[in-house]
Amino acid sequence: MPQIIVVRHGHYGSDGNLDERGKNEMRRVGEAVKMSNTLGLPVTLICSPAPRAEQGGQILTEMLDIPSERVVYDRSFWEDNYHDGDMEQVKQIIDKHLKPESIVVCITHLGVVPRIANHVA
């Protein structure tokens, strides 16, 4: 059965980059994924290209040894005061990567998280 984990990017500072708290939040996500992946399923990372999300994605990529061909950065997942996410594109990307016997981790923004949950529910 496919698994999807959707998280909002970590805490960030006024410069838009993850601060130490946000980096620690992403490390805890990585540890939780490691602990829950007892079968060693392949992990795909789908991530907003916003700096704070991308930095979190880099942390998870390193912690979980995700190969570059299983990492997707897409503007459709970026939604904030200046960027509008594209939910139709988000749904297509998730559906493409959400496969049996796999884990998909999405790092996105607050407004996108519940809509992804509604899509996969």
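Biologist: Let's start with helix H3: which strands and which helix do its buried residues pack against?

Modeller: Remember as we go that this is a predicted model. The packing partners of the buried residues of H3 include strand E1 (3–8), strand E2 (43–47) and strand E3 (71–73).

Biologist: Why do the buried residues of H3 line one face of the helix?

Modeller: H3 spans residues 87–97, and its buried residues are Met87, Val90, Ile93, Ile94 and His97. Looking down the axis of H3, you find these buried residues on one face of the helix, because they fall within an arc of 120°.

Biologist: And which exposed residues sit on the face of H3 turned away from its buried side?

Modeller: Exposed means over 50% relative accessible area. On the face of H3 turned away from the buried side, the exposed residues are Gln92 and Lys96.

Biologist: Now for Thr108: is this residue buried or exposed?

Modeller: Thr108 has its place in strand E4. Leaving aside neighbours within four places in sequence, its contacts include Val6, Ser48, Phe77 and Ile116. The cut-off for buried is under 20% relative accessible area. Thr108 has a value of 0%, so this residue is buried.

Biologist: Which backbone oxygen does the side chain of Thr108 reach?

Modeller: Phe77 is among the contacts of Thr108. At 2.6 Å, the side chain of Thr108 reaches the backbone oxygen of Phe77.

Biologist: Let's turn to H1 and H2: at roughly what angle do their axes cross?

Modeller: H1 covers residues 20–36 and H2 covers residues 51–64. Their crossing is right-handed. The two axes come within 9 Å and cross at roughly 35°.

Biologist: How many residues of the contact of H1 with H2 are nonpolar?

Modeller: On the H1 side, Met26, Val29 and Val33 are among the residues that take part, and on the H2 side Ile59 and Leu60 are among them. In the contact of H1 with H2, two residues are polar, four are charged, and the number that are nonpolar is seven.

Biologist: What is the phi of Asp65, in the loop between H2 and E3?

Modeller: Most residues other than glycine have a negative phi. Asp65 is exposed, with a relative accessible area of 66%. Its phi is positive, near 50°.

Biologist: Last one: what is the phi of Glu101?

Modeller: Glu101 is found in the loop between H3 and E4. Glu101 counts as partly exposed, at 45% relative accessibility. Its phi is also a positive value, near 60°.

Methods:
Residues are numbered from 1 along each chain as its sequence is written. This is a predicted model: local features need pLDDT of at least 70, side-chain atom pairs count only at pLDDT 80 or more; totals for chains, interfaces and linings use all residues. Side-chain values use heavy atoms; hydrogens and water are left out. Buried means under 20% relative accessible area, exposed over 50%, partly exposed in between (1.4 Å probe, protein chains only). Helices (H or I, at least four residues) and strands (E, at least two) are DSSP runs, numbered from the N terminus. The arc is that of the directions from the helix axis to the C-beta atoms. Contact means heavy atoms within 4.5 Å. A polar contact is a pair of N or O atoms within 3.5 Å; within protein, one must be able to donate a hydrogen and the other to accept it, and residues adjacent in sequence count only if both atoms are side-chain atoms. Axes are lines fitted to C-alpha atoms, for helices over the stretch in contact, and angles run from 0 to 180 degrees between N-to-C directions. A crossing is left-handed if the near helix is turned anticlockwise from the far one by less than a right angle, and right-handed if clockwise. Ala, Val, Leu, Ile, Met, Phe, Trp, Tyr, Cys and Pro count as nonpolar, Asp, Glu, Lys and Arg as charged, and the others, Gly among them, as polar.
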